[in-house]
Each structure stands twice: as C-alpha cells, then as structure tokens.
Amino acid sequence: MSDQDFLITVDGMKVRAKRGQTIISACDAAGVYIPRLCHHPDLKPAGHCRLCSCYIDGRRASACTMPAAPGMVVVSNNEELNNDRRVVLDMLFVEGNHFCPTCEKSGDCELQALAYRLGITAPSLTYQWPKREIDASHPDVFIDRNTCVLCSRCIRASRDVDGKSIFGFSGRGLGMRLNIDSETKLSDTSFAAIDKAAKVCPVGCIVIKRTGYRTPIGRRHFDKAPIGTDIEACEVGDPE
Ligand code: SF4
Ligand code: SF4
Ligand code: FES
C-alpha cells in the first residue's frame with residue numbers, strides 16, 4: 001500500500017481505498033459490487049437514485065457520493081438494504097412504461113439487469129401508465145421518455161463531457177420529465193450520436209437509430225452474466 005492508501009471494511013471484507021476516492025469507486029477496484037443506477041465511472045457523482053445507499057459507519061448514505069475515509073465500516077449487502085433497493089426499482093418500473101420483451105435495450109438495460117439481480121420478475125406496485133413523449137426528430141438518435149428513470153447521466157455527460165448542456169429536468173416528483181434545451185426538439189440542438197450523452201443512458205431512453213437489434217436478444221451483455229459480474233471478477237489481492 002502507498003502512503004495515500006488506507007483500508008475500509010465493506011461487508012466484513014478489507015478494501016483498499018485512496019484519498020479522494022468514493023466508496024463505490026474503491027469497491028469497484030477491489031471487486032466488490034454495490035448496486036447503482038445513476039452512477040457512471042466517467043461522470044461526476046449525482047446521488048440521485050439511492051440504489052447504492054449503504055450503512056456507512058452506522059448511517060445511511062450514498063456510496064457513489066461519499067468519499068472513503070480510513071477505517072470506515074460499510075454495510076451494503078444485507079436484506080434490509082436489498083429490500084429497499086427492490087422498492088426503488090419497483091417504483092421506477094411502475095412510474096414509467098417498461099415493456100421489456102419489445103424494448104431494444106433488453107439484455108443491455110441496467111434497470112432490467114438490476115431487477116433480475118435482486119430477484120424481481122414483476123413489480124409489486126400498481127402500474128401508473130403515465131403519458132410520456134417520444135422525440136424521433138433527430139436523424140441519428142431518438143428519445144423514448146417512456147423508459148427514462150431520471151438518472152441524470154445524459155445531463156451530466158452533455159454538460160461536463162460534451163460541453164453542450166442539451167438536457168435538463170423539468171417539473172417535480174411524479175411530474176418530473178427529461179427536457180431538451182428548454183422544451184425544443186432534439187433535431188433543433190447540436191446533439192450528435194458520437195456525444196458521450198448518447199452512450200451513457202442505462203435504459204432504452206436514448207437510442208442510436210439504425211443500430212437496433214444488431215446484437216440479437218439472448219447474446220447481449222446481461223444475457224451472458226448478471227450485472228456486477230465484471231466488477232466481481234476483478235482480481236483482488238490481499239489489501240494489507
Ligand atoms: S428500458 Fe429496460 S426495463 Fe425498461 S423496457 Fe427497456 S429493457 Fe425493460
Ligand atoms: S434519458 Fe437516460 S440517461 Fe438521461 S435521465 Fe433518462 S434514463 Fe438517465
Ligand atoms: S448510484 Fe448512488 S445514488 Fe445512484
């Protein structure tokens with residue numbers, strides 16, 4: 001371990017962390033998967049979805065925003081936390097319109113994959129069937145708000161990586177929606193299929209046109225292995 005490294009404990013395991021590193025980043029590097037949806041390793045943390053909520057030194061906090069500190073004790077994988085994650089996922093499913101069997105993202109979708117990992121095959125809450133808009137005006141990308149989970153990845157990517165600030169949220173609570181450049185159409189913006197914001201959506205909301213079903217269902221990322229398996233496959237040496 002270098003002078004900058006220290007140890008934290010996660011679910012009883014010793015995990016090496018560096019100064020300035022968040023708990024989720026330290027865990028990823030150590031091969032310990034904490035469920036997440038709004039977190040993306042290339043984007044600034046936002047702490048929106050609450051899926052990564054853990055007990056950190058006895059208090060609930062988001063592992064994606066909380067910096068690691070020497071000696072911290074983190075609990076992520078217990079029945080109470082996983083039940084709360086199931087409730088959050090249930091709410092995301094019923095607050096949108098998700099028809100997995102016909103969705104282009106099926107098999108590559110982080111929401112769907114998280115539900116499977118946590119043992120959800122159907123939501124236990126009542127579907128709300130909200131009316132959501134589709135924007136297919138752009139020549140290369142379409143937006144299907146029916147599946148948006150308001151994770152803000154596209155907002156952060158467009159603002160912080162692409163330097164365009166094309167996306168934002170409007171409204172509050174159940175009425176919250178993804179907006180484009182203050183209610184305009186996607187085709188009226190400088191959005192491009194090569195933008196980072198076009199590649200970070202965890203669900204089937206931002207989709208590149210003419211790429212659909214290039215990889216057949218059944219051969220996609222999470223068809224092969226549950227979400228988090230890539231992180232858990234990391235080599236973990238003795239941190240001491
Ligand atoms: S976005 Fe994901 S959860 Fe929603 S319908 Fe598509 S595959 Fe299913
Ligand atoms: S469009 Fe995708 S990336 Fe953007 S907020 Fe909705 S789910 Fe997140
Ligand atoms: S992944 Fe931490 S709050 Fe969303």
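**View 1. Contacts of C27 in a predicted model.** C27 touches V10, V15, V32, I34 and A63, leaving aside residues up to four places away in sequence; contact here means C-beta atoms, placed from the backbone, within 7 Å. This is a predicted model, in which local features need pLDDT of at least 70 and side-chain atom pairs count only at pLDDT 80 or more, while totals for chains, interfaces and linings use all residues. Residues are numbered from 1 along each chain as its sequence is written, and chains are lettered from A and ligands numbered from 1 in the order in which they are written.

**View 2. The largest nonpolar core.** The core has 57 residues, of which I23, C27 and A63 touch the most other members. Helix 1 (residues 23–30) gives the largest share, 5 residues. A nonpolar core is a set of buried Ala, Val, Leu, Ile, Met, Phe, Trp, Tyr and Cys residues joined through C-beta atoms within 7 Å; buried means that 20 or more other C-beta atoms lie within 10 Å of the residue's own. Helices are DSSP runs of H or I, at least four residues, and strands are runs of E, at least two, numbered from the N terminus.

**View 3. Strands 8 and 9.** Strand 8 (residues 167–170) and strand 9 run antiparallel, joined by 4 bridges; strands pair if DSSP finds at least two bridges between them. S170 stands opposite R177 in strand 9. In strand 9 (residues 177–180), L178 and I180 form the covered face, and R177 and N179 the uncovered one.

**View 4. Surroundings of ligand 2.** Ligand 2 is surrounded by 14 residues, the closest being C148, C151, C154, C201 and C205; a residue counts as near if its C-beta atom, placed from the backbone, lies within 6 Å.

Terms used:
A residue is buried if 20 or more other C-beta atoms lie within 10 Å of its own, exposed if 12 or fewer, and partly exposed in between; C-beta atoms are placed from the backbone. Two residues are in contact if their C-beta atoms, placed from the backbone, lie within 7 Å.
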